[in-house]
Amino acid sequence: MPFANMKVPAGTLSAEQKKHAVDAITDLYVEFYGEQARPNVMVLVDEVVDGGWGIGGNVLTKAMLDGH
């Protein structure tokens, strides 16, 4: 079963954006493996709590992503 785990900061994507991401990732797997893969593609959108990860030694927050 093709599987993708997309980790995003909590509260940064709307339900519509998550749906779009799931559709786009599913379509990408279908591009590689053919239409028979579509019913088996699993996409997990995992929302990480604010401040729950870091990049380059710095804690990443929603405010940083928003440019504040």
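**Start at K62**

Select K62. K62 is partly exposed, because its relative accessible area is 28% and that class lies between buried (under 20%) and exposed (over 50%), with a 1.4 Å probe and protein chains only. Before moving on, note that this is a predicted model, in which local features need pLDDT of at least 70, side-chain atom pairs count only at pLDDT 80 or more, and totals for chains, interfaces and linings use all residues. Residues are numbered from 1 along each chain as its sequence is written, and side-chain values use heavy atoms, with hydrogens and water left out.

K62 and D66 form a salt bridge, and their closest N and O atoms are 3.1 Å apart. The term means a side-chain nitrogen of Lys or Arg within 4 Å of a carboxyl oxygen of Asp or Glu. D66 has 41% relative accessibility, so D66 is partly exposed too. By this rule the structure holds 6 salt bridges.

**Next stop: the D27, E35 and R38 network**

Select D27, E35 and R38 together. Salt bridges link these residues in a network. Look at D27 and R38 to begin with. Their closest N and O atoms are 2.9 Å apart in a salt bridge. This pair ties distant parts of the chain together: D27 sits in helix α1, while R38 is in the loop between α1 and β2, 11 residues apart. Helices (H or I, at least four residues) and strands (E, at least two) are DSSP runs, numbered from the N terminus.

Turn to E35. Its side chain meets that of R38 in a salt bridge of 2.4 Å, N to O. R38 has a relative accessible area of 32% and is partly exposed. E35 is partly exposed at 48%.

**Along helix α1**

Stay with helix α1 and pick T26. T26 is buried, with 10% relative accessibility. Setting aside neighbours within four places in sequence, T26 is in contact (heavy atoms within 4.5 Å) with R38, V41 and V43.

Now show the rings of Y29 and Y33. Both residues lie in helix α1 (residues 15–33), 4 residues apart, or about one turn of the helix. How many aromatic pairs are there? The count comes to 1 aromatic pair. The ring centres of Y29 and Y33 are 6.3 Å apart and the planes are at 20°, so this pair is stacked. Rings of Phe, Tyr and Trp (its six-membered ring) pair if their centres lie within 6.5 Å; planes under 30 degrees apart are stacked, over 60 edge-to-face, and the rest tilted.

**Into the core**

Zoom in on V43, which lies in strand β2 (residues 42–48). V43 counts as buried, at 17% relative accessibility. Apart from neighbours within four places in sequence, V43 is in contact with A4, V22, I25 and T26. V43 and F32 are 11 residues apart in sequence and 15 Å apart in space, C-alpha to C-alpha.

Step to V41. Leaving out neighbours within four places in sequence, V41 is in contact with P2, T26 and Y29.

**Across strand β2**

Go to D46, also found in strand β2. D46 is partly exposed, with a relative accessible area of 26%. The sequence puts D46 and M6 40 residues apart, but their C-alpha atoms are 5.9 Å apart in space. Not counting residues up to four places away in sequence, D46 touches N5, M6, K7 and V8.

**Out to the surface**

Select F3, in strand β1 (residues 3–9). F3 is partly exposed at 41% relative accessibility. Together with F3 they make a nonpolar surface patch of about 430 Å². Patch residues have over 30% relative accessible area and no salt bridge; like charges are joined within 9 Å, nonpolar side chains (Val, Leu, Ile, Met, Phe, Trp, Tyr) within 5 Å. Accessible areas come from the Shrake-Rupley method with a 1.4 Å probe; for residues, only the protein chains shown count as cover.

**Last stop: G54**

Finish in strand β3 (residues 53–55), where G54 lies. Is G54 buried or exposed? G54 is exposed, with a relative accessible area of 53%. Apart from neighbours within four places in sequence, G54 is in contact with V59 and L60.
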